[in-house]
Amino acid sequence: MVPAVSAASIRVGVDVGGTFTDLVVLVGGELSFAKVPSTPHDQSVGVMSALGAAGVNAGAVDAFAHGTTVATNALLERRGARAALLTTAGFRDVIEIARQTRPSLYDLRERPPEPLVPRELRFTVRERVEPTGEVESLDEDGLAAAVEAIRRADVDAVAVCFLFSFVDGAHERRAGEVLRSQLPDVEVSLSSEVLPEFREYERFSTTTADAYLSPRLNGYLARLRARLAEAGLPRPLVMQSSGGVIDLDAVAGRASSCILSGPAAGVIGAAFAAGASGHSNLLTFDMGGTSTDVALVVDGEVQTTTGAVIDGIPIKHPMVDVHTVSAGGGSIGWADAGGALRVGPHSAGAVPGPASYGLGGIEPAVTDATLFLGFLADGARLGGEIVLRRDAAEAALASVGERLGLSPLEAALGVVRVAEAEMVQALRVISVERGFDPRLFTLVAFGGAGGLHACRLAEELELSTVLVPRASGVLSALGLAISDLRRDYVRPFICDLSKLDRVAVDAAFAELERLAAADLDRPVFRRLADVRYRGQAFELTVVADDVDLLGAGFAAAHRRRYGFEMPDEPIQVVNIRLTATVPVPKPRLAAPVIDAVTSPRTRPAYVDDEWRELAVFRGDELAPGRRIQGPAIVEFPEATCLVHSGWGATVDVTGALVLERS
Amino acid sequence: MSVDRLSAIDPVTLSVFVSALAGVAEEMGAVLVRSSYSSNIKERRDCSCALFDANGRMIAQAEHIPVHLGAMQEAVAAVRERAPEPGDVFMLNDPFSGGTHLPDITLVGAVDVDGEIVGYTVTRAHHSDVGGMTPGSMPAGSRSIYQEGIIIPPLRLLRAGVYDEPLLELVLANVRTPQIRRADLYAQVAAGSVGGERLRALIGRYGLDFVRAAFDEVIAYAERRTRDVLRRLPDGTYTAAGEIEGDGVVDADIPIRVAATIAGDSLRIDFTGTAEPVPGNVNCPRSVTRSACLFALRVLLPPDVPTNAGTSAPLEIVFPQPSLVDARPPSAVVAGNVETSQRIADVVLAALSQVVDLPAAGQGTMNNVIIGGADWTYYETIGGGQGASSTGPGPSGVHVGMSNTLNTPIEALELEFPLRIESYQLRYGSGGDGIHCGGDGIERRIRVLEPATLSLLSDRRRHAPAGKDGGLAGACGQNLLDGAPLPPKKTCEIGPQQVVSVLTPGGGGWGKPRRA
C-alpha cells in the first residue's frame with residue numbers, strides 16, 4: 001500500500017543519467033537542484049551523494065521518486081540475466097522469427113537483433129489452447145522433463161509463454177507453479193500475467209524481456225532500498241515507462257514496465273513546467289549529446305503508445321511516446337562521396353567529444369559549429385573540467401569545408417542547418433504522422449543546447465511560441481518529484497460491439513478495479529478499451545466509462561486519427577484497460593529569487609548573415625516580467641538559448657523564458 | 001580533394017533538400033499506412049509512395065517493400081501520355097500500361113501551382129482483392145490476365161479534384177470487398193494530397209526556379225553516388241543463370257539468363273537467353289523486371305543514397321523479344337511480381353557477386369500460401385533463410401529479396417479463420433554449411449478445419465539456394481499435403497482436418513566448411 005501525500009510535503013526526485021545524477025527537492029513550490037557525477041558500477045552510490053550535495057534532511061522527506069536506467073542499459077548493452085523460455089511445442093522460435101522482416105531492405109548482411117533467449121535455452125512442452133479454450137491438455141511428464149532441463153541449464157530467470165494464454169492462462173500458471181517450487185531461486189515471468197493480450201510475438205517478446213531484465217533490476221533496487229533505509233529515507237517510488245511512479249516492490253517483478261523510466265520522467269517534467277507557465281499543447285524537444293528526443297503533449301496529457309520497440313525488442317506496455325533521432329550536440333558533420341554536407345548519425349560521444357573539447361576529436365560536431373558562430377562562449381566550462389576551444393572548432397570546420405569548397409563559416413552554418421533539418425523531421429513525425437497539426441503547439445526546449453535551435457525549428461514548423469523552462473537542465477528529476485502514482489491493467493475482451501454484454505464488461509472492469517484498489521491507496525480509475533473495425537491490424541484506445549458511448553467514441557477517434565470512419569463495418573472490442581492513479585497534488589512553481597543583477601555582456605555572434613555584437617544575459621538573473629528583444633543570447637547554468645531576430649523573450653512567473661514572434 | 005560540382009545548389013542546400021524530399025515521401029507513406037483500412041497495407045506495409053517532377057523523373061520514394069522500388073516511372077509515363085490536368089488523380093493497375101500485377105493499384109496525382117503542373121505524387125498499394133477467378137486475386141493457375149481481376153488502364157479517378165463516381169462504382173462492382181477497397185483508395189488519395197501540399201509549400205518557400213534546380217541537383221547527386229560505386233568495380237561482363245520451377249500450368253523449369261556488363265560507371269543487364277513467355281502466370285511485366293534489377297543495384301550502394309531517377313540512370317536493361325521478363329498482353333502475370341522478380345534479383349546478384357563481395361543466395365521465394373473458403377481468404381507469405389556472407393551467418397526465418405512484409409500473428413488468424421497452426425518454427429540445420437552458415441528456413445503446418453481451396457505459389461523446391469566461396473547450398477523447400485509432396489505451384493481442393501505443411505528453403509552457406 002502506498003500512502004497518499006499532501007501538498008506541503010517535501011518531495012525528492014532523483015534521475016540517474018549516463019553522466020550526471022540530477023536531484024530536485026520540492027518543498028511546497030520551492031525548487032532546489034543538485035547535480036553530481038553518476039556512478040555506473042552502482043547507481044545507488046551517486047544517488048546518495050546527490051542527496052548529500054543537496055543537504056536534504058532525510059527524516060523530513062515524504063516521498064522519494066527515482067528514475068533509473070538500469071533496465072534500459074541492461075537491454076541496450078544486452079547484459080541481462082541468463083534467461084530461459086518455456087513455450088508451446090511447435091513454436092520454439094517465435095521470438096527469433098519475430099515478424100519475419102529483415103532490418104534493412106538493401107543491406108543483406110544486417111542481422112535482426114538477437115533474441116534475448118538463445119535457441120539452446122528455449123524449451124517446449126505439449127499443450128494447446130485455441131480461441132475457444134483448451135484443445136490439448138498440458139503434458140505433465142513433458143513439463144517435468146522441461147523443468148529438469150531448465151534446472152540443468154542453470155538460469156536466473158524463466159519466461160513462460162504459451163499460445164492463447166490470454167484466453168486461458170491455466171497451463172502457464174501450472175507451469176509457473178512447478179517452476180517456482182522446483183527452482184525457488186529463479187525469477188518466473190508468465191505471459192498471461194505480464195501482458196494478457198493477443199498477438200503472440202509481442203506478448204512473448206515483452207515477457208522474455210521481463211525475465212531477462214528482472215534479476216538485474218531487482219538486485220539494484222534491493223541495494224538502493226537498503227541504502228535509503230539506512231539514511232532514514234522513505235521507500236523509493238520508481239518511474240515506469242508510462243510516466244507514472246509506483247512502489248519499488250511493484251516494479252521488482254515487472255522490469256519490462258520501466259525500460260523508458262528516464263525519458264518518461266523528462267517529458268512529464270516538461271509537461272509540468274510548461275503547464276505551470278500556462279501551456280498545455282506541447283512538442284517537447286530534448287537535445288542531448290548523441291541524440292534528440294521529441295514527444296507530444298495534448299491538453300496537458302503526455303501521449304503514450306503500446307507499440308514501442310526498444311532496440312529491436314517490442315515492449316507492449318503503455319509507454320510515453322518518445323521519438324529519437326541521431327542529431328545531438330556531438331553529431332559529426334562530414335562530406336559524402338556525392339558532394340553533400342551531412343551530419344550524423346556518427347557522434348563524437350563524450351570521448352573524444354567535439355573538436356572544441358580538445359580531447360583529440362578532429363571532426364566538427366554540431367557543438368563546434370554553434371561555438372564557432374558565437375552562440376556558445378569561447379573558453380566556457382562544461383561540467384567543470386572541459387573548456388571549449390574555438391580555435392579547435394575552427395580547424396575541424398575548415399577541414400570538412402575544404403572538401404566541399406566551403407569556408408569555415410559556411411561549414412558551420414551548414415552543419416547547424418543540416419542538423420536542424422533532421423530535428424524538424426523528428427518533430428513532424430511525432431505530430432503530423434500522429435494526426436496533429438504542429439502549428440497549434442508550443443515548443444518546449446530543454447537539454448543543454450535545445451534552446452540554441454528552438455527559434456529556427458519553430459520558424460520551420462510555423463510555431464509561434466517557444467518555452468525554455470528554468471529547470472530545463474533537470475526536468476527529468478522535476479518530473480519524478482511531481483509524478484502521480486500509476487498502475488496500468490489490461491485484460492483481453494474480444495467481442496463484437498453489437499454483441500457486447502454490458503453486465504459482463506462492467507464485471508470485468510470491476511475485477512480490475514478490485515485488483516487496483518489492493519495495489520494502490522484510494523486510486524482514481526479510468527476505464528479504457530482497445531477497439532478496432534473487425535479484422536483491422538491495429539486498435540485505437542478509447543475511453544470506456546460508458547459502454548453505450550464506445551461505438552461513437554471509437555468512430556470519432558478513428559475519424560480524428562485516420563480521417564474517415566466506416567459506418568457499415570462491424571466494430572470489435574479487443575482489450576479492456578484500466579489506468580489507476582493516485583494524483584499527487586501539484587505544487588505551484590514559485591518565482592525565482594534574484595540575488596544580484598549584472599549588466600549583460602556582449603560577444604560577437606553570426607546572426608542574420610552577419611557578425612554582430614550580441615547581448616548575453618545570465619538566465620538566473622532575469623526577474624519575472626523582464627523582456628528581451630532578439631537577437632540575444634541567454635545563458636543558464638546548464639543551458640544556452642539563442643533568441644532570433646524577430647523574436648522577443650519574456651520571463652514568466654515561474655522563471656521560464658517564453659519566446660514569441662514579435 | 002574537392003568534389004566537382006557544376007551546380008548553383010550548394011552542398012548544404014543539397015543535403016537539406018535530400019532530407020526534406022525523403023521526408024515528404026515518408027510522410028505520404030505514414031498517411032497511407034495510417035489511414036488505410038486493410039491489414040495488407042496497414043500491417044504488412046505492402047505499399048509505397050513517391051514524388052515525381054513535372055518531367056516524369058522520380059525525385060524521392062519511400063518504399064516499404066523492394067518490389068515497388070523504381071517500378072513507378074512507367075506509371076507516371078503512362079499517365080503523362082494522357083494529358084493530365086491540375087487536380088487530376090489517375091488510377092491504374094494494368095501491368096501493360098504502368099502497373100505491376102493487378103492487386104497493386106497505383107494512383108498518380110498531378111500537382112500544380114497556379115495552374116502549372118510542377119510534379120506528380122504516386123501511391124501504390126497491394127489491394128487484397130481486385131476480383132478475378134479466386135478470392136485474393138492471386139490464382140496459382142491463371143492462364144491469362146483476364147482471370148486475375150479487373151484491369152484498370154490509366155483513368156481519372158478524380159477530375160479537377162472531384163471523384164468520378166461512376167468509374168469508382170464500376171471498379172468496386174468488380175471486387176469482392178468493395179467497402180474496404182473504397183477506404184483504401186481514399187487513403188491513397190489522402191496520402192497523395194499530403195505530398196502535393198508539401199511540394200507546394202517547398203515551392204512557396206524557395207520559388208519554383210530554385211526548386212527545379214534543386215530537383216536537378218538531387219537527381220544528379222544520386223547519380224554521382226551510384227556511378228561512384230560502379231566506377232570502383234572492375235569492367236567486364238559477368239553471367240549467371242537460374243530458373244523458375246514451373247508456371248502453375250506445366251511443372252517444368254523455365255530458364256532465366258543474365259549478362260551483367262560493368263563499363264566504367266554504368267551497368268547493363270541483358271536478359272538474352274531467358275525463356276520466352278509461358279502459358280502460366282510467372283510472366284514478368286517490364287516494370288517488375290526493372291525493379292528487380294534496380295534492387296540488385298541498390299544492394300551495391302551505401303544505404304544513405306537517396307532513391308530517385310538518378311539512382312537508376314546508370315542502369316540499362318536489354319529485353320530480348322519475346323521474353324518472360326517483358327510480358328505482353330494478355331499474359332497472366334500475377335506470380336511474376338512475387339516469384340519471378342525474386343529469381344531475377346537472385347540471378348543478377350549472382351552475376352555481380354563475381355566482382356562484389358555479396359552474400360550467398362537466400363531462399364529466393366516468397367512462399368505464397370492462399371487458403372480460401374466460402375466467405376474467407378487467408379493469404380500469407382513465409383520467410384526463410386538468408387544467405388551467409390564473408391562477415392557473418394545468414395539470418396533465419398526472414399523475407400529475402402523483393403519482399404519484406406510482416407507475418408500474420410497466429411493468435412490473430414485463428415480468431416478469424418477456420419485454421420489451426422500446428423507448428424511455426426525454424427528448420428534447424430536447413431541453412432547451408434560453411435565457415436558462416438546460411439540462415440534456416442521455416443516450417444509452418446496448417447490444419448484446415450473446413451473444406452477450402454488451397455493455392456501455393458512457391459519456388460526453390462528442387463533447385464537449392466547456392467552457397468558461396470565453398471559454402472554449401474541451403475536445403476530445398478517442400479510443400480506437403482498430409483505428408484505427401486505437392487509441386488511448387490499448385491491449386492487444389494482440400495477437406496477438413498487435412499494438414500498443409502510448407503517448409504521454406506534455407507540460405508546458402510559462405511566459405512568451405514571446416515570438417516572435424
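Good morning. Chain A contains 16 helices and 37 strands. The model is a predicted one, and I shall take its two chains in turn, then the contact between them, and finally some local details.

For chain A, the radius of gyration is 26 Å, close to the 26 Å that the globule rule gives for 662 residues, so chain A is as compact as a globular protein of that length. Along the principal axes, its C-alpha atoms fill a box of roughly 80 × 60 × 60 Å. Of its 662 residues, 54% count as buried. If we take the contacts in chain A between residues at least 6 apart in sequence, 66% of them join residues at least 24 apart.

Chain B has ten helices and 20 strands. The C-alpha trace of chain B spans about 65 × 60 × 40 Å along its principal axes. Buried residues account for 63% of the 516 residues in this chain. Among the contacts of chain B between residues at least 6 apart in sequence, 75% join residues at least 24 apart.

I turn now to the contact between the chains. Chain B contributes 62 residues and chain A contributes 57 residues. Which elements of chain B give two or more residues to the side that touches chain A? They are helix 1 (11-35), helix 2 (39-42), helix 5 (178-206), helix 6 (208-231), helix 7 (286-300), helix 10 (410-416) and strand 14 (419-426) of chain B. Helix 1 of chain B gives the most, with 13 residues. By class, the side of chain B that touches chain A divides into 29 nonpolar, 19 polar and 14 charged residues.

Next, helix packing within chain A. Two packed helices are described by the angle between their axes and the distance between the axes. In the pair formed by helix 4 (residues 140-153) and helix 5 (residues 170-182) of chain A, the axes come within 10 Å and cross at roughly 40 degrees. Helix 4 of chain A and helix 5 of chain A are therefore oblique to each other, and helix 4 passes helix 5 in a right-handed crossing. On the helix 4 side, the contact is made by A:Leu143, A:Val147 and A:Arg151, and on the helix 5 side by A:Ala175, A:Val178, A:Leu179 and A:Gln182. These residues comprise five nonpolar, one polar and one charged.

The second pair is helix 12 (residues 408-431) and helix 13 (residues 450-461) of chain A, which pack at an angle of about 60 degrees with their axes 10 Å apart. That angle makes helix 12 of chain A oblique to helix 13 of chain A. The crossing is right-handed here. From helix 12, A:Glu420, A:Met423, A:Val424 and A:Leu427 meet A:His453, A:Arg456, A:Leu457, A:Glu460 and A:Leu461 of helix 13. By class, this contact has five nonpolar, one polar and three charged residues.

Some backbone details deserve attention. Most residues other than glycine have a negative phi, and most peptide bonds are trans. Where does the model contain a cis peptide bond in chain A? A cis bond joins A:Gly344 and A:Pro345, with omega about 0 degrees, and A:Pro345 is found in strand 22 (residues 341-347) of chain A. In chain B, the peptide bond from B:Gln321 to B:Pro322 is cis, with omega near -15 degrees. B:Pro322 lies in the loop between strand 11 (315-318) and helix 9 (334-352) of chain B.

Positive phi values also occur. A:Arg78 has phi near 50 degrees and lies in the loop between helix 2 (70-76) and strand 5 (83-88) of chain A. Is A:Arg78 buried or exposed? A:Arg78 is exposed, with 11 other C-beta atoms within 10 Å. For A:Asp154, phi is near 55 degrees. This residue lies in the loop between helix 4 and strand 9 (157-161) of chain A. A:Asp154 is exposed, with 9 other C-beta atoms within 10 Å.

A:Thr124 is partly exposed, with 18 other C-beta atoms within 10 Å. Leaving aside residues up to four places away in sequence, A:Thr124 touches A:Thr87, A:Thr88, A:Ala89 and A:Arg92. The C-alpha atoms of A:Thr124 and A:Arg403 are separated by 59 Å, and the two residues are 279 residues apart along the chain. Thank you.

Terms used:
Residues numbered from 1 in each chain as written. Chains lettered and ligands numbered in written order. Predicted model: local features only at pLDDT ≥ 70, side-chain atom pairs only at ≥ 80, totals over all residues. Axes fitted to C-alpha atoms, helices over the stretch in contact; angles between N-to-C directions. Helix = DSSP H or I, 4+ residues; strand = E, 2+ residues; numbered from the N terminus. Parallel < 35°, antiparallel > 145°, perpendicular 65-115°, else oblique. Left-handed = near helix turned anticlockwise from the far one by under 90°. Contact = placed C-beta atoms within 7 Å. Nonpolar A, V, L, I, M, F, W, Y, C, P; charged D, E, K, R; others polar. Rg over C-alpha atoms; globule rule 2.2 N^0.38 Å. Buried ≥ 20, exposed ≤ 12 C-beta atoms within 10 Å, placed from the backbone.
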